[in-house]
Amino acid sequence: MASKRLGRTQDPTILVLTSLSGGPKHGYAVIKDIEEMSGVSFGPGTLYGVLARLEEEGMVEPLPAVGHRRPYRITAQGATVLRERLETNVKVATIGFGRLGTLGA
Amino acid sequence: MTGDPVELALRCYPRWWRDRYADEIRSVVGDLTEDGRPRWAVTLNLLRGALRARTGAVGMPPVYDLWCTRTRVALAAATLPWVLMGPLVLMVIGGQRLHSSAGRIFPGQLSITGGSNQLVMGRGLLTPAPPLTLAGSVAWYANVAMVVLFLLTLFVLFAGWTGFAGAIKRSAVPHRRRLSLLAWAPALSVLADFVLTVVQDVLMPHAWRTSGGRPPVPIGGHLAVAHALGTALVVVALAGWLVSIVCAAVAAKRADISPLDLRFGKSVALVVATLLLLTLAAYTTWGIGLLVQSGQAVHGRFTTISYSHQDLWPLVVVGLLLAATMSAFGASAARRSWRVVSLGP
């Protein structure tokens, strides 16, 4: 139960930016990519809430729509923010794994 | 308009959001449904998103008129819940009765302004009534707090209404005079209630004769007419209240109120939301006090309180909780909207 709760606390901003860092994607493709990447199932209400915020903050931009599907791509600013956030996460993860190793020894 | 829950959920989003994202979301929902994602889960997720879009306004285009409209809607969302729930709370905490195992209590109600000078009729003698239980006292103080909060909120709304009526007068919209008349509906309703209350008070007997072991008898006045006026007062108050809401809503929708007046409304919305939260706390305390008092009363001679409509307590608690949540969201949205509106067109 506790691990499930921890899984749900993953930052949706990071997940969406990480998904788009692999290339432009439309809404459904982002949801599937995040699902495969982290096991987190986004609903359309959550995804478009995050996309609207990221678009407003200039971290993603919409591309011309193909039918009813509009792809989004990460901007340079979005890539910078994602890199900084991932570096922090890696730092925390490295320390965490190190300490777990020490505890296990 | 279809009965499809997804379409209904999409209609809960603001128009600007629908214009921008609805087609994309429909396409995503179609793909997810084909994948086997339950439609009810998607609908719930969309409803949550709609609530966030309405309160947060993330991604909302920087169009001045759009933000003005949002501020007006937020102000309505902050104040209307109290307007609907306030009188209901007052009705539920009305019709108070005092009981004691020692006998019938006179007068049968506690006075907000006076002390506890209740008498109990037992064995043909009037003697001081036993005290309230601790829980009963807590319920009574919560009752007093609710009446005070009601009057305070009414006062704040009255202040907001004067600003609103003045703003309509200053606005340049057509039919301004007719809108002003509509805006005056709440004042006329309160005036009618006030007149009826005064007349009823004049007709009530102001002295009671006690003799021997018999219940007190009224001296002078017209008790039956006063009671009939009391019933008329309830009907007039209720009808006036509902008509006032409709009139004020129509006037607010049609009048192009300036941003300066919206700022005043923002303060009113914040105060009303806070007072509604306090009312929720007092009302919850009141109900719990009433529930606990009977358990305490069995341990000695006490006076207990009951109310005609106290059975409605759980239902009204849920209603108040929803109203307080909506009001808090509205006040928060109004605050944020005002920041954008204050920057000017």
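**A note on the two-chain model**

1. Let me start with burial in chain B: of its 345 residues, 32% count as buried. Please keep in mind throughout that this is a predicted model. In chain A, which has 105 residues, the buried share is 27%.

2. On to the overall form of chain B. Its C-alpha trace spans about 80 × 55 × 35 Å along the principal axes. Chain B has ten helices and seven strands. The radius of gyration is 26 Å, while the globule rule gives 20 Å for 345 residues; the value is well over the rule, so chain B is more spread out than a compact globule.

3. Chain B is split into domain 1 (1–30), domain 2 (72–107 + 120–137 + 257–345) and domain 3 (172–256). Between the centres of domain 1 and domain 3 of chain B, taken over C-alpha atoms, there are 45 Å.

4. How do the contacts spread along each sequence? Among contacts in chain B with a separation of 6 or more, 77% join residues 24 or more positions apart. For chain A, with the separation again 6 or more, residues 24 or more positions apart account for 43% of the contacts.

5. Chain A has five helices and two strands. Read from the N terminus, its elements run α-α-α-α-β-β-α.

6. Where do the chains meet? The contact takes 16 residues from chain A and 20 residues from chain B. On the chain B side, the elements giving two or more residues are α2 (15–35) and α3 (39–56). Of these, α2(B) gives the most, with ten residues. Sorted by class, the side of chain B that touches chain A has ten nonpolar, four polar and six charged residues.

7. The largest nonpolar core has 63 residues, and B:Ala78 and B:Val272 touch the most other members. The elements of chain B that give two or more residues to this core are α4 (64–92), α5 (134–170), α6 (176–183), α8 (223–254), α9 (259–297), β7 (303–307) and α10 (313–341). Helix α9(B) gives the most, with 14 residues. Domain 2 and domain 3 of chain B both give residues to this core, so the core lies between them. As background, nonpolar side chains in soluble globular proteins tend to be buried together.

8. Not counting residues up to four places away in sequence, B:Ala78 touches B:Ala269, B:Val272, B:Ala273, B:Ser327, B:Gly330, B:Ala331 and B:Ala334. Apart from this core lies another, of 32 residues, among them A:Leu15, A:Leu54, A:Met59 and A:Tyr72.

9. Is B:Leu157 buried or exposed? This residue of helix α5 of chain B is buried, because 21 other C-beta atoms lie within 10 Å, and the cut-off for buried is 20 or more. Leaving aside neighbours within four places in sequence, B:Leu157 is in contact with B:Thr79, B:Val268 and B:Val272. B:Leu157 and B:Ala269 are 112 residues apart in sequence, yet their C-alpha atoms are 8.8 Å apart in space.

10. Two residues in other helices are partly exposed. B:Arg263, in helix α9 of chain B, is partly exposed, with 15 other C-beta atoms within 10 Å. B:Arg263 and B:Leu51 are 212 residues apart along the chain, and 23 Å separate their C-alpha atoms. B:Val225 sits in helix α8 of chain B and is partly exposed, with 13 other C-beta atoms within 10 Å. B:Val225 is 25 residues from B:Gln200 in sequence and 8.0 Å from it in space, C-alpha to C-alpha.

11. Finally, a strand pair to look at. Strand β1 (residues 96–100) of chain B runs antiparallel to β7(B), and five bridges join the two. Within this pair, B:Arg97 stands opposite B:Ser306 of β7(B). Why is β7(B) described as largely enclosed by the rest of the structure? Because four of the five residues of β7(B) are buried.

How values were computed:
Residues numbered from 1 in each chain as written. Chains lettered and ligands numbered in written order. Predicted model: local features only at pLDDT ≥ 70, side-chain atom pairs only at ≥ 80, totals over all residues. Contact = placed C-beta atoms within 7 Å. Nonpolar A, V, L, I, M, F, W, Y, C, P; charged D, E, K, R; others polar. Core = buried A, V, L, I, M, F, W, Y, C linked by C-beta atoms within 7 Å. Buried ≥ 20, exposed ≤ 12 C-beta atoms within 10 Å, placed from the backbone. Domains from an automatic or database assignment. Rg over C-alpha atoms; globule rule 2.2 N^0.38 Å. Pairing = 2+ DSSP bridges.
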